[in-house]
Amino acid sequence: MWRWRYVSGRQLLGFRHYKYSAVDTNPLSVYIMQPIWNKIIKIVPLWIAPNLLTFSGFVMILFNYFLISFYDWDYTASGTSPGLVPTWVWLFSAFTTFCAYALDSIDGKHARRTQSSTPLGELFDHGLDSWATSIFVLSFFSVCSCDNGKTGVSVYTMYIYLSIVLFNFMCSHWEKYNTGVLFLPWGYDISQVVLIAAYLLTGTVGVEVWQKPLLFGYYITDLLVILLIGFSLFLSFPQTLYNIHRAHLKKTLKNDSLYEGLLPLVSPLLLFVLLTVWVVLSPSNILAKQPRLFLWMVGVAFSNVICKVIICQMSSTRPELLHWFLFPLALVVGAAISGLLGGMEEAALGAFTALVTAAHLHFGVCVGRQLSEHLNIYIFSLKKRVQE
């Protein structure tokens, strides 16, 4: 079961020749956070594997998400019934978010410190990041709550917000697929600091702070959405296009044809087209009925699609045109919007969510084991594998 070979022989060979290249120009990261991480890394024991740091951070994010979900499954606890989420949960969220942020920032430093940097470590890091990105956002939604007629945000705004965040993540790795260089997005460090501040603010002042106009009649959530959209449209995406254009002028692009360069975008964009069609045309208004389940499914499906792009980008191979998730999703969406599912639409969402989550977990475990064996290393240990 766990021996399925998702990575081809050609891709394994590509991993052997892979070299990591990244550029970080964010002033917040360079001048403030990096000095902090350089101090924290000194207390990490040398026997700890870098992937263990990465995974520990992800587990903290996941645990925090399920904790908030327990108190606020339908994203209404902070709006209609303030106080349903205990204060300590928000403070714990700030703590786990900071710890996860720190662990994700020092794992690479620790790998270089222990001379254990490997392609598996980078794939493990970025693969978990592709999933954690959505989990961060889904946890934050509980702070501002669903729209109750006065404050909060609608489930449709949540979907748009999540889509923009995932679009930015996709652009970073599409950029690296074409340039060979990962230009670390400014939004990551800024978003982590904002998340931690939001949780601390909620824990110390209360959720009521999100229900009062802040500036010119706008609420904090309105300003955050405006900033996110503005940051994406006027800074992040244009910077991605500029970096690709600059690589084209320098003749350092990894892909010569326009088709090859755009190929990694096909499956992610089709995924969001199908999901948006479901959201807009759902007879039972599925997003409003099951917002947490639907948005979780969006995040998991996106993560699996992007993980395959990251593998191709790291191994210098061509990504598949259509991810297999698109086919069952198209069937479910078609059956839902045509009315064939009737009252079974929520059950179909639950079944599809279970399918993609199980498939993604299977994919992650199998890919990790396959690369671990190929590179003769352990995932969570610095010891070398014994050659059979």
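Residues 293-311 are 100% helix and 0% strand, with 27 Å between the end C-alpha atoms. Helices here are DSSP runs of H or I with at least four residues, and strands are runs of E with at least two, numbered from the N terminus. The stretch 87-103 is also 100% helix and 0% strand, and its end C-alpha atoms are 25 Å apart. Both stretches are among those listed by UniProt, in an unreviewed entry, as "transmembrane region". UniProt positions follow the numbering used here, feature names are shortened, and such annotations may be inferred rather than shown by experiment.

The model is predicted: local features need pLDDT of at least 70, side-chain atom pairs count only at pLDDT 80 or more, and totals for chains, interfaces and linings use all residues. Residues are numbered from 1 along each chain as its sequence is written, and side-chain values use heavy atoms, without hydrogens and water.

**Salt bridges**

Side chains of opposite charge can pair when their charged atoms come close. A salt bridge is a side-chain nitrogen of Lys or Arg within 4 Å of a carboxyl oxygen of Asp or Glu. The whole structure has 4 salt bridges, including these:

| Pair | N to O distance |
|---|---|
| Glu 260 and Arg 318 | 2.3 Å |
| Glu 346 and Lys 289 | 3.7 Å |
| Lys 308 and Glu 320 | 3.7 Å |

In the salt bridge of Glu 260 and Arg 318, Glu 260 lies in helix 9 and Arg 318 in the loop between helix 11 (291-315) and helix 12, so the pair ties together parts 58 residues apart in sequence. Glu 260 is buried, with a relative accessible area of 15%, while Arg 318 is exposed, at 52%. Buried means under 20% relative accessible area, exposed over 50%, and partly exposed in between (1.4 Å probe, protein chains only).

**Core**

A nonpolar core is a set of buried Ala, Val, Leu, Ile, Met, Phe, Trp, Tyr and Cys residues joined through side-chain atoms within 4.5 Å. The largest has 106 residues, and Trp 278 and Phe 294 are among those with the most contacts inside it. Beyond its neighbours within four places in sequence, Trp 278 is in contact (heavy atoms within 4.5 Å) with residues including Phe 294, Met 297 and Leu 349.

**Two positive phi values**

Most residues other than glycine have a negative phi. Tyr 75 has a positive phi of about 60° and is found in the loop between helix 3 (50-71) and helix 4 (87-113). Lys 251 also has a positive phi, near 60°, in the loop between helix 8 (220-249) and helix 9 (258-281). Tyr 75 counts as buried because its relative accessibility is 0%, whereas Lys 251, at 75%, counts as exposed.
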